[in-house]
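Biologist: Hi! Could you walk me through this one?
Modeller: Happy to, let's bring it up.

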Amino acid sequence: MTKMAERFKLRGDHSSQGRLGQLGRALTVALLMAPVALPASIDREAAYEPVSPTVDQARANILIARQLQFTHFRDQSIDDMLSSEVFDAYLEYLDGQRIYLTQEDLQFFEPVRYRLGAALKTGQLQPGFDIYNLVQQRIIERLEFALSVVESGIDKLSFDTDDSLLLDRSEADWVANRSELDRLWIKRIKNSILAQRLSGKDDEQIAESLQRRYESQLNRTSQVRSEDAFQAYMNAFTGLWDPHTSYFSPRTSENFNINMSLSLEGIGAVLQSDNEYTKVVRLVPGGPASKQGQLQPADRIVSVTQEDEDTPVNVIGWRLDEVVDLIRGPRESVVTLEVIPANASDETMTRSISIKRDKVKLEEQSASSEVIDLQRDSGNYRIGVITIPTFYADFRAMQQGDPNYKSTTRDVRALIESLEDQDIDGLVIDLRNNGGGALHEANDLVGLFIDEGPTVQIRNSNNDVQVLTDQDPSVAYDGPLVVMVNRMSASASEIFAGAIQDYGRGLVVGSQTFGKGTVQAVRPLNHGQLKITQSKFYRVSGGSTQHKGVMPDIAIPSRVDTTRIGEDALDHALPWDQIEAVPHTRYFDFSGIIDQLRANHAQRFASHPEFQLLQREIDFLEEQRAQDSVSLNAELRAVQQSEIEQTRLAIANARRKIRGEEAFASLEELEDWQEQQAANPDRQDEELDFIVREGGHIMADMLELDQRLASIDSLSTMAAKAN
């Protein structure tokens, strides 16, 4: 038997799974016959111990398959077509960047393409495990190869050629063979070296850094468990129904139950696995990361460093629960994350972010208010602004009968009363970056601005429709209303914004929202849990918030990369659709004034220096995102890096000039200032204050174009006449 066959020899203590069918054994035999020639410099004794499925996992697989077929919102059968999709999705899950496998490997896997479906229905997991085992072995080979290149001396690599590296290989073909894979990895290593040289590191530091990274990944890969393979296989399977349906292993379930959605007590962030990386999904309002201000959604975590340690721990390829454990720690202690920023054009462009761990307090998530004074040619306006970071409710206090329990609706009602005492002319509700929360709070909050009526429809997989309704005829605020949203406004935020828009109660201003319009339930299994999508949200006008989100009446551009953030950026997301509308009042038809409102906004946009600067920054970011490859020529790369740094500095100094502040002399000075700002707990995001003020100007435009918007009483009379 060859050394490779020895590495893939199954352990005897899992023989019970051998009864699950011929399919797995056939593929195992095929994989054992695959000869792989390793370079002489690689340690051939660094064997990988294959993992095998357990009986509990097989039973859980059968339960998962049944629940997906019979209870998921999407009606989808497990047939040959789906089997082929599972095959592709699994390989995508294991090697999404096409950097470990070759076309030769894929040919070995191909015989089971149309057989996985039948195997998954009956708990035959061995084929999936065999694929997983070979991929892990290929990962080890690649890391050993990378180490051999680094150990041979990075000074021996050439950086004066016209070579380039494709940055995103997710749509590229797998390379033909191992020789081509070697060439690809040499390019990847050269790219990492160039990036670190340009950041000021010498070759000795770079070699040490790369060796530490590859050895950490190698060590992690050699420690994979059976549960790692099962979770990867099941999530590739469940993800074909929709991206929010997933399997939680017993350990992941424990973390989920401790703190819903894997929100970390340590830094206040929601994380998820993204191929080899751990990705930031969103920040918890009022949490340490949100207050620190540097960590952003779609950032990918590369390493974690504790405050009492000098050496970072590389977490590429780690399980999500392991990364969570590493980031959590004692309150008031500092953890440093090395991340690939969401807007980075290259995965070698990382930054370090230090965050002081703390618990997220409910009061720090609470709604807050302020008054903006606008001086216009037509007169002065006082605009109230209520910022709602999340839809919250103190469920424990509510269940204990505390009459003063905190909730979004209660707090907003009190804030409205305070603002009206200050004689505001209009109200802006700021839902930017609000990822949702308690559904009943969204329903109740809509009720503060309408007489009564439906707020949202919920349809399940049986096409049964439930309508949530505000039954309180009282109105907390009857004046003109603007709702501010952006791409990170999701779920309950979209329900509120959509209802305000459907009722003609106010205008929605900002950018297209996230598009998260589905409802999940967590169901126990014999082994772990299944989070499964069972319903969809629909607006009272009949259209779903799913996939499409809420489209603003007046659009304001955003820095967010919509190709990476949002429901429509996720594979297999449930589509937008619509059902029958439910009767509801239409307070005002904005069609008569919307064109003028947009024209007024565009005119301000064109002349406002902050808007111009925002557009310049967006154009720069889009230009960087459009680059699909990076040069491996040292001289050309240095020129390109210098141009990027000069543009960043120019944008920052243009903003300083607008505010009458002294320009930064260098990029280093800018970055030092940004670090100081991040450490300042009292800092405010002044860069975006002008967007809130624009919401106020739109409000003033509304009043000047139609005074009937000043009160819901006149709107109600008008709506009654229309009906």
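Modeller: What follows is a chat about a predicted model, taken topic by topic.

Biologist: Let's begin with helix H7. How far apart are its end C-alpha atoms?
Modeller: They are 37 Å apart. H7 covers residues 126-151, and at 1.5 Å a residue its 26 residues should span 38 Å, so the two values agree.

Biologist: And how many of its residues are buried?
Modeller: In H7, 25 of the 26 residues are buried, so to speak "mostly covered".

Biologist: Which residue with positive phi follows H7?
Modeller: That is glycine 153, with a phi near 110°.

Biologist: Switching to strands. In which sense do S9 and S10 pair?
Modeller: Antiparallel, over nine bridges, with S9 at residues 368-376 and S10 at residues 379-387. A hairpin of two residues joins S9 to S10.

Biologist: What stands opposite aspartate 373?
Modeller: Arginine 382, in S10.

Biologist: What is the strand order in the open sheet?
Modeller: The six strands run S9-S10-S11-S14-S15-S18, with mixed pairing. S9 and S18 (554-555) are at the edges with a single partner strand each, so one side of each has no neighbour in the sheet.

Biologist: How do S14 and S15 run, parallel or antiparallel?
Modeller: S14 and S15 (residues 507-510) are parallel and are joined by four bridges. Methionine 484 has valine 509 in S15 as its bridge partner.

Biologist: Which strands does helix H15 touch?
Modeller: H15 (residues 408-421) packs on the sheet and touches S9, S10 and S11 (426-430). The direction of H15 makes about 165° with that of S10.

Biologist: And where does helix H17 lie?
Modeller: H17 (residues 492-502) lies across S11, S14 and S15, and runs at about 145° to S14.

Biologist: Now for aromatics. How many aromatic pairs are there?
Modeller: The count comes to 11 aromatic pairs. One of them is tyrosine 100 with tryptophan 185: the ring centres are 5.9 Å apart and the planes are at 40°, so this pair is tilted.

Biologist: Where do those two sit in the chain?
Modeller: Tyrosine 100 is in the loop between helix H4 (80-94) and helix H5 (103-109), while tryptophan 185 is in helix H8 (residues 178-198). The pair links distant parts of the chain, 85 residues apart.

Biologist: Are they buried or exposed?
Modeller: Tyrosine 100 and tryptophan 185 are both buried.

Biologist: What about phenylalanine 449 and tyrosine 477?
Modeller: That aromatic pair is edge-to-face, at 6.4 Å centre to centre with 75° between the planes. Phenylalanine 449 is in the loop between helix H16 (439-447) and strand S12 (453-460), and tyrosine 477 is in the loop between strand S13 (465-470) and strand S14 (481-485), so the pair ties together parts 28 residues apart in sequence. Both phenylalanine 449 and tyrosine 477 are buried. Ring pairs also link Phe449, Tyr477 and Phe496 into a cluster.

Biologist: Which charged end sits over the ring of phenylalanine 159?
Modeller: The charged end of arginine 197 does, 4.7 Å from the ring centre. Lysine 190 also lies over the face of phenylalanine 159, at 5.7 Å from the ring centre.

Biologist: Last one: is leucine 271 buried or exposed?
Modeller: Leucine 271 has a relative accessible area of 4%, and buried means under 20%, so leucine 271 is buried. Leucine 271 belongs to strand S3 (residues 269-274). Leucine 271 and valine 324 are 8.3 Å apart in space, C-alpha to C-alpha, and 53 residues apart in sequence.

Key. Residues numbered from 1 in each chain as written. Predicted model: local features only at pLDDT ≥ 70, side-chain atom pairs only at ≥ 80, totals over all residues. Heavy atoms only, no water. Expected span 1.5 Å × (residues − 1). Buried < 20%, exposed > 50% of the residue type's maximum accessible area, 1.4 Å probe, protein only. Pairing = 2+ DSSP bridges. Phe/Tyr/Trp six-rings, centres within 6.5 Å; stacked < 30°, edge-to-face > 60°. Lys NZ or Arg CZ within 6 Å of the ring centre and 35° of its normal. Contact = heavy atoms within 4.5 Å. Axes fitted to C-alpha atoms, helices over the stretch in contact; angles between N-to-C directions.
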